[in-house]
Amino acid sequence: MNKQELVASIAEKAGMTKADASRALDATVAAVTEALRQNETVTLVGFGSFYVGERAARTGRNPRTGKDIEIDAAKVPKFRAGKGLKNSVN
């Protein structure tokens, strides 16, 4: 499912126009992004949690040259599925 299909599904299920559904989805994504930028966790009970994880610095290898390269530490967004989502998939 791509964004257009998701917007159409939201509009149908919520009884709103596609334009309103698109704005609502964009606002939701923006709010989650801003919370993660501030290193907060966003929890949607029954769906899951978005949080920021830490990836340690490490040594990698350039596949072209075979030389070792240093990969910096980074913060990465992560998602942990909630019980309700897990149960609905199984």
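Trainee: Which residue has a side chain joined to that of Ser49 by a polar contact of 3.3 Å?
Mentor: A polar contact is a pair of N or O atoms within 3.5 Å; within protein, one must be able to donate a hydrogen and the other to accept it, and residues adjacent in sequence count only if both atoms are side-chain atoms. Side chains are involved on both ends here. The partner of Ser49 is Thr43.

Trainee: What kind of model is this, and how are its residues numbered?
Mentor: The model is predicted: local features need pLDDT of at least 70, side-chain atom pairs count only at pLDDT 80 or more, and totals for chains, interfaces and linings use all residues. Side-chain values use heavy atoms, without hydrogens and water, and residues are numbered along each chain as its sequence is written, from 1.

Trainee: Where does Ser49 sit, and is Ser49 buried or exposed?
Mentor: Ser49 is in strand E2, residues 48–55. Helices (H or I, at least four residues) and strands (E, at least two) are DSSP runs, numbered from the N terminus. Buried means under 20% relative accessible area, exposed over 50%, and partly exposed in between (1.4 Å probe, protein chains only). Ser49 has a relative accessible area of 16%, so it is buried.

Trainee: Which residues does Ser49 touch, not counting residues up to four places away in sequence?
Mentor: Contact means heavy atoms within 4.5 Å. By that rule, Ser49 touches Thr41, Val42, Thr43, Lys78, Phe79 and Arg80.

Trainee: In what order do the elements of the chain run?
Mentor: The chain has 3 helices and 5 strands. From the N terminus on, the order is α-α-β-β-β-β-β-α.

Trainee: What is the radius of gyration of the chain, and what does the globule rule give?
Mentor: The radius is taken over C-alpha atoms, and the rule is 2.2 Å times the number of residues to the power 0.38. The chain is more spread out than a compact globule, because its radius is well over the rule's value for 90 residues. The C-alpha trace spans about 55 × 30 × 30 Å along its principal axes.

Trainee: Why do the buried residues of H2 line one face of the helix?
Mentor: Helix H2 covers residues 18–37. Its buried residues are Ala21, Leu25, Val32, Ala35 and Leu36. The arc is that of the directions from the helix axis to the C-beta atoms. Seen down the axis of H2, the buried residues line one face because they fall within an arc of 105 degrees.

Trainee: Which residues are exposed on the other side of H2?
Mentor: The buried residues have cover that includes helix H1 (3–14), strand E1 (42–44), E2 and strand E5 (74–81). On the other side, the exposed residues are Arg23 and Arg37.

Trainee: How far apart in space are Ala57 and Ala74, C-alpha to C-alpha?
Mentor: Ala57 is in the loop between E2 and strand E3 (58–61). Ala57 counts as exposed, at 54% relative accessibility. In sequence, Ala57 and Ala74 are 17 residues apart. In space, C-alpha to C-alpha, the distance is 7.5 Å.

Notes
Expected span 1.5 Å × (residues − 1).
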